Amino acid sequence: MFHLPKLAATALVAATLMVSTASAQTALRSSDTHPDGYPTVEAVKYFGELLSEKTGGRYTVEVFHSAQLGEEKDTIEQTQFGVIDLNRISIGAFGTQVPAATVTQLPYIFRSVDHFHAVLDGPIGDEILAAFDAVDLKALAYYDGGARSFYNSGKPINSLADLDGMKLRVMGSDVFVDMVKALGGNATPMPYGEVYSGIQTGVIDGAENNYPSYDTAGHFEVAKFYSLDEHLMVPEVLVMSKIVWDRLSAEDQAAVQAAAKESVARQRELWVAQELVSKAKVEAAGAVINEVDKAPFIEAMAPVYEKYVTDPALQDLVARIQATK
Ligand code: GTR
């Protein structure tokens, strides 16, 4: 039998390893609660195509849509542990875990879509992305999630009095619980996947979300009154597990970051189109949509700001967001 000297054998093994690492393909797993075709799902697929191009096919992305990997809160933990590589998630699902990001959950903090983009595309946006490092996530980019409004099975909401005692589902964040309380309703934090049956069985009267979610989750079938108070614009965020990120070379990290940023424009286009499609669809299906005078709603939110914006650093952040043109 042929024996290689020990040193040569070691060198050969090392060389083989290097070759196989260089040509290895890694399929990154990404989670999304939304169904296939939804703007966030499609944007992450596009991000994957860009990443594959930039890395000569070494990295691809597989999107597990429709909450296949679990409800948002659970997938956050799995991403922190590196079990899931990537996650497209609402900042609302983080609750108050990331203080700087919590300010984006404040009702009416963003005045318009343009204001939302101006803040998130600038230095404040970068500062909030960087704050996710502290919870073992590398936040890569924001996607649009539109304005969220209340919908329920009983009646249109025209004024604060209509919200009195109404049981409304919110995402699992104390900010949203206090927001509904400040408006006179009763908030029930609940996973997204339980909202449909919750409304159907009368456990809750309704929930709050944007047109595309109201449509694609079928909530319009069980809660036909959609009232445009537009109390929230919560950013969607694409995050990578810090464990996975730290394993990448500097060049691959740059490729991931660039691909994520480049996918934003595509998501925004898809978002605008989806909002129109979803609005038309729910209207055709009999949803009753009404405008709301927002002034009393905005005023009623003062206690929420008082409770969550006590830290001087957060006060400064809120002031800078409000001062952004
Ligand atoms: C949607 C958002 C989801 C999820 C959902 C919810 O607008 O895109 O990520 O957070 O709302 O209300 O749970």
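Guide: Domain bounds here come from an automatic or database domain assignment. That assignment gives domain 1 (6-145 + 234-276) and domain 2 (148-233 + 284-323), and their centres, taken over C-alpha atoms, are separated by 27 Å. The model is predicted: local features need pLDDT of at least 70, side-chain atom pairs count only at pLDDT 80 or more, and totals for chains, interfaces and linings use all residues. Residues are numbered from 1 along each chain as its sequence is written, and side-chain values use heavy atoms, with hydrogens and water left out.

Visitor: What area is buried between domain 1 and domain 2?

Guide: The size of an interface is often given as the accessible area lost when the parts come together. Buried area is that loss for two parts, computed with a 1.4 Å probe and summed over both. Between domain 1 and domain 2 it is about 2,900 Å², with carbon and sulfur atoms giving 67%. Of the area that domain 1 buries against domain 2, Leu 106, Pro 107 and Tyr 108 supply 25%, more than any other three residues.

Visitor: How many salt bridges does the rule find across the interface of domain 1 and domain 2?

Guide: A salt bridge requires a side-chain nitrogen of Lys or Arg within 4 Å of a carboxyl oxygen of Asp or Glu. Across this interface the rule finds one. Glu 127 and Arg 320 meet in a salt bridge through their side chains (2.9 Å, N to O). Arg 320 also forms a salt bridge with Asp 316 (3.0 Å, N to O).

Visitor: Why are Arg 320 and Asp 316 separated by about one helical turn?

Guide: Helices are DSSP runs (H or I, at least four residues), as are strands (E, at least two), numbered from the N terminus. Arg 320 and Asp 316 are about one helical turn apart because they lie four residues apart in helix α16 (residues 312-323).

Visitor: Is His 117 buried or exposed?

Guide: Buried means under 20% relative accessible area, exposed over 50%, and partly exposed in between (1.4 Å probe, protein chains only). His 117, found in helix α5 (residues 113-120), has a relative accessible area of 16% and is therefore buried.

Visitor: Which residues is His 117 in contact with, leaving aside its neighbours within four places in sequence?

Guide: Contact means heavy atoms within 4.5 Å. With those neighbours left aside, His 117 is in contact with Asp 144 and Arg 268.
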